[in-house]
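Student: Please take one part of this structure and examine it closely, then place it in its wider setting. I would like the criteria behind each term stated as you go.

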Amino acid sequence: MEQKTLERRAVLKGSAAAIGLIGSGASAAMVAGVEQASGDAAQSPLPQQVVTAIERFRASIPPNFDPDYVEKAVIPFFLTSFYEGERPMLPMIGVNFSKENALPYDLWGLIYHDWRPTPEEGVTVFLRGLEKRGDNNLRKRIYFSAMTPDLYKPMYGAKVTAFFDKILDQQFANKPFMRHYLDYYFDLYWDLHLGVTGEDIPFEVRQIGEAFNTVLAYRNPLLPITHDNYMKVRELLDFLKSWIDDRIGDIQSGKTKNPEKTMAWYWLKNAGDGSHFSKKDVVFECFHNFVALSQWGNTIFGIMSRLAEDGGDPAVRASFQKTMGGNFDNASGAVFPPLELFVMELFRVISPNGGSISAIHDARTTAYGASPQQKFGVSLERHSYISTPHTSTSLDPAHWKNPNAFDPQRYLAVPTSAQINDDKCRQIGLARCPFDITNFEVKDGRKANITNSGFGTVFGVVDGTSLPVCDYAGFAPFGFGYRRCPGEQLTIHVFEDFLRKVGRDKIVFRKLNLANPGRVPIGPTAVIQDDLGFSRSA
């Protein structure tokens, strides 16, 4: 893609731009709106400190950055407001905190050509408000139909264990692990989604995945590495969508071997008439999961760091040894077996996703009549978001007597999603369940339905047996209620298999103490020194 030279005059100019720059959350559209409204009116001189701030901002933007990137990514990044919400006492997020377009505005260019929400090109459940998902959170249920825990062992498990066998092979011992993990990660990613792996994955598809993850990891739009990878994503986006569309066609036609071992197959089978999960949406989910599954990198690094023999967490190592020394896959009448409890506790303390992002809007437009912006006829396109915290909620002493202790047994004493019904809600002190409990029968040949708890948490019932999750606010790494991540149980099973491999092969993790370890983007806002490796104990 040809690079255009940015003329600095295009970044910010005049008093109106200064108002936008120092305001709270206005977009570049605000600048244009204010300039148009002000016309040729005389403008007051700016305070020197404001002029200095503007000049410093303009000087910080490299002159070779693409002008559209500056306008649509850099400026919105600095004119967006983020707020931290309260820690929930119940595992829910109110519907006034919406998922509709709840993506930081500077990132829209990674998924849409027009740098803005364009749902007619396809959309993900993660960016749809509840009111646009169909009855009873239908879109979420269709998405979740590909990830119910009964599918893991027969459909996905062999792919995952083969991946861990490959990356933990002895030939890779005592070498930086995370760069090596990322080199093979997309083989597993596309095998799970579309049944494609190895040489059947085009170079361009691997390249856009790596570029996408690099943008999410570095995040700062002023860095050349962020700019270059952002523009690489935009360059390859059409190629990626076309390739995914063709592979979905292969699944539909039967060309793909064992199509029932792909996520896309379940989305196609359970989409009904497609009004809430079209083929374009299936394509979109396949690449939007770059965001969701990229957190596996954060997680595996967090697990290795805690299990490391030098500098790890003694309590985590002791708990792992105790777990693997027993019958770790036998629940003994409990809801969760010991290894699953251990992985759940790892996620509580690692918390690779720090919070649930919601889009929020100026209440003056609903509670107090027209906003001042509307009154004066000025288009102020502000972008504000609030994050309901996962990490601090999981560690809140209001939820646990010993929140800082590593204790996998804690989940045996709190409710599951199968237990949150009208009786339980009344016991808590509510008049009724906040969400009606309904069922969605899958259409993929299984005797299964997707139901929900009274808090809105979606979970599966297969052959009459509930497969619930821990539905308690103190277990927050996957979010809350109707907003909870539908990939939770799949992800937990993936890391159970990782730990089975570690325990069975007596793998240990250690620092390599490299003089100049590489910097590796392993997940959202996470760029690490790649100085951990593995070996096998005697």
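Tutor: Serine 384 is located in strand 3, which spans residues 383-389. Helices (H or I, at least four residues) and strands (E, at least two) are DSSP runs, numbered from the N terminus. The model is a predicted one, in which local features need pLDDT of at least 70 and side-chain atom pairs count only at pLDDT 80 or more, while totals for chains, interfaces and linings use all residues. Residues are numbered from 1 along each chain as its sequence is written, and side-chain values use heavy atoms, with hydrogens and water left out.

With a relative accessible area of 16%, serine 384 is buried (buried is under 20%, exposed over 50%, partly exposed in between, using a 1.4 Å probe and protein chains only). Apart from residues up to four places away in sequence, serine 384 touches Ser81, Tyr83, Ser358, Ala359 and Ile360, where contact means heavy atoms within 4.5 Å.

Strands 2 and 3 run antiparallel and are joined by six bridges. Isoleucine 357 stands opposite serine 387 of strand 3.

Elsewhere in the chain, helix 7 (residues 177-194) packs with helix 9 (residues 224-253) at about 45 degrees, their axes being 10 Å apart. Helix 7 is therefore oblique to helix 9. Axes are lines fitted to C-alpha atoms, for helices over the stretch in contact, and angles run from 0 to 180 degrees between N-to-C directions; those under 35 degrees count as roughly parallel, over 145 as roughly antiparallel, 65 to 115 as roughly perpendicular and the rest as oblique. Helix 7 contributes Trp190, His193 and Leu194 to the contact, and helix 9 contributes Leu240, Trp243, Ile244, Arg247, Ile248 and Ile251.

As for the chain as a whole, it has 18 helices and 11 strands. Buried residues make up 55% of its 538 residues. Of the contacts with a separation of 6 or more, 73% are between residues 24 or more positions apart.

Definitions and conventions. Two strands pair if DSSP finds at least two bridges between them.
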